[in-house]
Amino acid sequence: MILQGSFTFWTIIYILIATIFLWLALWLATRIIISKDFGNRKKVLLLLTALLMVLIVPIVTGAIITVIGLPGDLMVMIRGLIDNRGHNYVSGMAPIIAFLIFLIILKFLVGMEWRHTIWVGLIGIFLLYLFYSLVPELDFMGAMSYT
């Protein structure tokens with residue numbers, strides 16, 4: 001119900017393109033970092049992970065900003081009583097939490113070891129945020145524009 005009516009044809013095309021490119025990057029990173037055999041066996045799971053990350057990151061990041069932004073806004077309001085300065089830096093933690101969610105999905109869905117998950121996840125989240133910068137339509141919840 002949240003996303004009802006917000007998807008256009010181009011948004012779906014952008015999601016598919018971003019999923020394919022993220023999947024290719026995750027697959028290549030898995031083949032290079034872990035092994036070629038592991039990368040070939042986990043193609044479908046890496047595709048599912050890429051789709052989940054393209055769809056979930058804006059939604060989860062928006063929810064995180066809403067939830068953890070409230071205490072930050074309260075602190076800014078209290079600081080505003082003193083000298084009317086301050087900024088909510090708490091909402092800046094949202095990409096970090098999104099990265100941790102990406103790590104958990106890679107670890108438990110794909111079945112990587114933690115030491116490999118960190119590197120594959122770092123490559124994946126970097127590429128995902130590059131996609132959000134290149135194609136702002138992927139940010140269909142407005143969650144990446146918190147700063």
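Guide: Let us begin with Glu 113, which counts as partly exposed because its relative accessibility is 42%. Please bear in mind throughout that this is a predicted model.

Visitor: With which residue does Glu 113 form a salt bridge?

Guide: The general idea is that side chains of opposite charge can pair when their charged atoms come close. Here the partner of Glu 113 is Arg 115, and their closest N and O atoms are 2.9 Å apart. Arg 115 counts as exposed, at 56% relative accessibility.

Visitor: How many salt bridges does a search of the whole structure find?

Guide: The search returns three. Another of these salt bridges links Arg 41 to Asp 37, with 3.2 Å between the closest N and O atoms. Asp 83 likewise forms a salt bridge with Arg 79, at a closest N and O distance of 3.0 Å.

Visitor: How are Arg 41 and Asp 37 placed in helix 2?

Guide: An α-helix has 3.6 residues a turn, so residues three or four places apart point the same way. Arg 41 and Asp 37 are four residues apart in helix 2, and are therefore separated by about one helical turn. Asp 83 and Arg 79 are also four residues apart, both lying in helix 3, about one turn of the helix. As for exposure, Arg 41 is exposed at 54% relative accessibility, Asp 83 is partly exposed at 32%, and Arg 79 is partly exposed at 34%.

Visitor: How many helices and strands does the chain have?

Guide: There are five helices and zero strands, and the order from the N terminus is α-α-α-α-α. Of the 147 residues of the chain, 37% count as buried. Among contacts between residues at least 6 apart in sequence, 68% join residues at least 24 apart.

Visitor: Which elements do the buried residues of helix 4 pack against?

Guide: They pack against helix 1, helix 2, helix 3 and helix 5. The buried residues of helix 4 include Phe 99, Phe 102, Ile 105 and Leu 106. Those of helix 1, among them Ile 15, Leu 22 and Leu 26, pack against helix 2, helix 3, helix 4 and helix 5.

Visitor: Is Thr 49 buried or exposed?

Guide: Thr 49, a residue of helix 3, counts as buried because its relative accessibility is 0%. Leaving aside residues up to four places away in sequence, Thr 49 touches Leu 26, Phe 102, Ile 105, Leu 106, Leu 109 and Val 110. Although Thr 49 and Leu 106 are 57 residues apart along the chain, their C-alpha atoms are separated by 7.0 Å.

Visitor: Why is the pair of Trp 23 and Trp 27 classed as it is?

Guide: A pair of aromatic rings is described by the distance of the centres and the angle of the planes. The search of the whole structure finds three aromatic pairs. In the pair of Trp 23 and Trp 27, the ring centres are 6.4 Å apart and the planes are at 25 degrees, so the pair is stacked; planes under 30 degrees apart count as stacked. Trp 23 and Trp 27 are four residues apart in helix 1, residues 9-33, and so are separated by about one helical turn. Trp 27 is buried, with a relative accessible area of 17%.

Visitor: Which residues make the nonpolar surface patch of about 350 Å²?

Guide: That patch is made by Ile 17, Ile 20, Phe 21 and Leu 24. Ile 20 is found in helix 1 and is partly exposed, with a relative accessible area of 47%. For the chain, the accessible surface comes to about 8900 Å², and 73% of that surface belongs to carbon and sulfur atoms.

Notes. Residues numbered from 1 in each chain as written. Predicted model: local features only at pLDDT ≥ 70, side-chain atom pairs only at ≥ 80, totals over all residues. Heavy atoms only, no water. Phe/Tyr/Trp six-rings, centres within 6.5 Å; stacked < 30°, edge-to-face > 60°. Helix = DSSP H or I, 4+ residues; strand = E, 2+ residues; numbered from the N terminus. Buried < 20%, exposed > 50% of the residue type's maximum accessible area, 1.4 Å probe, protein only. Contact = heavy atoms within 4.5 Å. Areas by Shrake-Rupley, 256 points an atom, 1.4 Å probe, with all protein chains shown as cover. Patch = residues over 30% accessible without salt bridge, like charges linked within 9 Å, V, L, I, M, F, W, Y side chains within 5 Å. Salt bridge = Lys/Arg side-chain N within 4 Å of Asp/Glu carboxyl O.
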